[in-house]
Amino acid sequence: MSCEMVSSRKIDYYVNDPYVTIIDIREEDKFFHSRIKGAIHYEYNKLMADINNIFKYGKVSYEFRRLFSNKDIIYIFYCDKGALSLIVCEKMSRLGYRCKTVVGGFEAYKGNCVIN
């Protein structure tokens with residue numbers, strides 16, 4: 001598996017796709033202020049701790065198992081500017097997930113699917 005990059009302009013294409021899960025890894029207050037329609041919140045620090053526990057100890061948290069139970073769908077990660085989501089995407093790809101990261105992050109997104 002590999003981490004793919006997706007343009008912020010193409011996110012609207014994925015919003016209602018049943019085979020795609022969009023994950024916002026920004027801080028909780030930013031997520032509740034505005035986000036991409038249908039996005040699920042999984043804060044970066046928590047997600048990285050869960051990923052690192054898998055790599056180091058083989059332990060999977062309940063939240064991680066619940067959200068990432070299906071390796072057949074595509075997971076699209078976004079953060080503020082795209083750097084943190086790229087890190088997450090690469091690690092998740094190493095775990096066998098089909099992942100994409102949003103180039104430029106939420107700040108670059110100018111589509112029609114923002115919830116405020």
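1. Buried means under 20% relative accessible area, exposed means over 50%, and partly exposed lies in between (1.4 Å probe, protein chains only). This is a predicted model: local features need pLDDT of at least 70, side-chain atom pairs count only at pLDDT 80 or more, and totals for chains, interfaces and linings use all residues. Residues are numbered from 1 along each chain as its sequence is written, and side-chain values use heavy atoms, with hydrogens and water left out.

2. Look at the sheet. It is open and has five strands, in the order E1-E6-E5-E2-E4, with parallel pairing. Two strands pair if DSSP finds at least two bridges between them. Helices (H or I, at least four residues) and strands (E, at least two) are DSSP runs, numbered from the N terminus.

3. Now the edges. Strand E1 (3-7) and strand E4 (40-41) each have a single partner strand, so one side of each is left without a neighbour in the sheet. E1 pairs with strand E6 (residues 98-103) in the parallel sense, over five bridges. Met5 stands opposite Thr101 in E6.

4. Helix H5 (residues 83-94) packs on the sheet and touches E1, strand E5 (74-78) and E6. Contact means heavy atoms within 4.5 Å. The direction of H5 makes about 170° with that of E6. Axes are lines fitted to C-alpha atoms, for helices over the stretch in contact, and angles run from 0 to 180 degrees between N-to-C directions.

5. Which residues of H5 are buried? They are Ser85, Val88, Cys89, Met92 and Ser93. Seen down the axis of H5, its buried residues fall within an arc of 135°, so they line one face of the helix. The arc is that of the directions from the helix axis to the C-beta atoms. On the other side of H5, Ala83 and Arg94 are exposed.

6. Check the cysteines. A disulfide is a pair of cysteine sulfur atoms within 2.5 Å, and by this rule the count comes to one. It joins Cys3 to Cys89, with S to S 2.2 Å. The torsion about their S-S bond is about 115°, so the disulfide is right-handed. The pair links distant parts of the chain: Cys3 is in strand E1 and Cys89 in helix H5, 86 residues apart. Cys3 is partly exposed at 22% relative accessibility, whereas Cys89 is buried at 0%.

7. Cys99 is in no disulfide; the nearest cysteine sulfur, that of Cys89, is 4.6 Å away. At 2% relative accessibility, Cys99 is buried.
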